Amino acid sequence: MELEEFIKKLQDFSPELPPSNILKHVDFVHNRKEKWGESDDLNAELREKVVDILFDNEKLQSRALIKYLLRAEIDYCGAETLMRETLRQLTFMLYMLGKIEDIPMLFEAKMDTSFDAGCGLDIELIFGKDKEKVKEYFRLNKNDNYDIVGCIEEYEKYGYSTSEEFIKGMFCYYGK
């Protein structure tokens with residue numbers, strides 16, 4: 001599927017997700033090659049182009065779509081042990097929506113995807129827009145897979161940006 005056709009389908013079905021026969025074009029699909037430099041995701045290029053368009057077009061963004069694309073990108077980056085700008089863009093878009101329930105996915109992207117993602121993605125993603133509310137929420141609603149409160153408390157010991165500083169820095173990074 002071509003980029004323009006995929007974007008048109010997003011618009012046609014918005015704010016809902018398109019059906020799976022359309023979404024499959026941005027799913028992580030391993031090319032079944034194992035050698036270094038040959039192993040890859042067959043849909044990474046289209047997903048990257050879609051994310052670039054979404055990143056600059058808030059009208060096309062929806063939480064469900066961002067999470068769908070982020071799942072595919074996490075799977076790709078985890079399988080190939082890499083970090084891509086597409087992962088950074090998607091995590092930032094999800095962060096900007098500000099849903100505390102999405103923190104485990106942001107945690108996974110940073111802490112459980114690859115070494116490069118662990119180093120390359122900012123800890124502020126896990127802090128959310130209000131780290132005290134995030135800690136309070138996850139004290140009451142423990143995540144089965146991740147110790148989000150423990151992670152935040154550990155990283156609070158070091159330098160970090162406020163939510164406002166983080167957002168400003170990311171906008172500067174992206175020239176917005």
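Predicted model: local features only at pLDDT ≥ 70, side-chain atom pairs only at ≥ 80, totals over all residues.
## Nonpolar core

The largest nonpolar core holds 47 residues. Val50, Leu54, Leu69, Leu87, Ile126 and Ile148 have the most contacts inside it. In soluble globular proteins, nonpolar side chains tend to be buried together.

Take Leu87. Setting aside residues up to four places away in sequence, Leu87 touches Leu70, Glu73, Ile74, Cys77, Ala109, Ala117 and Leu121.

## Helix α9

Helix α9 spans residues 131-140, and its buried residues are Lys131, Val134, Lys135 and Phe138. They lie on the same side of α9, because they cover an arc of only 100° around the axis. An α-helix has 3.6 residues a turn, so residues three or four places apart point the same way.

## Leu3

Leu3 sits in helix α1, residues 3-13. Leu3 counts as buried because its relative accessibility is 17%, and the cut-off for buried is under 20%. Beyond residues up to four places away in sequence, Leu3 touches Leu46, Lys49, Val50 and Ile53. One of these, Val50, is among the core residues with the most contacts.

Leu3 and Ala72 are 69 residues apart along the chain. Their C-alpha atoms are separated by 17 Å.

## Cys172

Cys172 belongs to helix α11, residues 163-173. Its relative accessibility is 62%, so Cys172 counts as exposed; the cut-off is over 50%. Cys172 and Leu46 are 126 residues apart in sequence. In space, they are 26 Å apart, C-alpha to C-alpha.

Definitions and conventions. Residues numbered from 1 in each chain as written. Heavy atoms only, no water. Core = buried A, V, L, I, M, F, W, Y, C linked by side-chain atoms within 4.5 Å. Buried < 20%, exposed > 50% of the residue type's maximum accessible area, 1.4 Å probe, protein only. Contact = heavy atoms within 4.5 Å. Helix = DSSP H or I, 4+ residues; strand = E, 2+ residues; numbered from the N terminus. Arc of directions from axis to C-beta.
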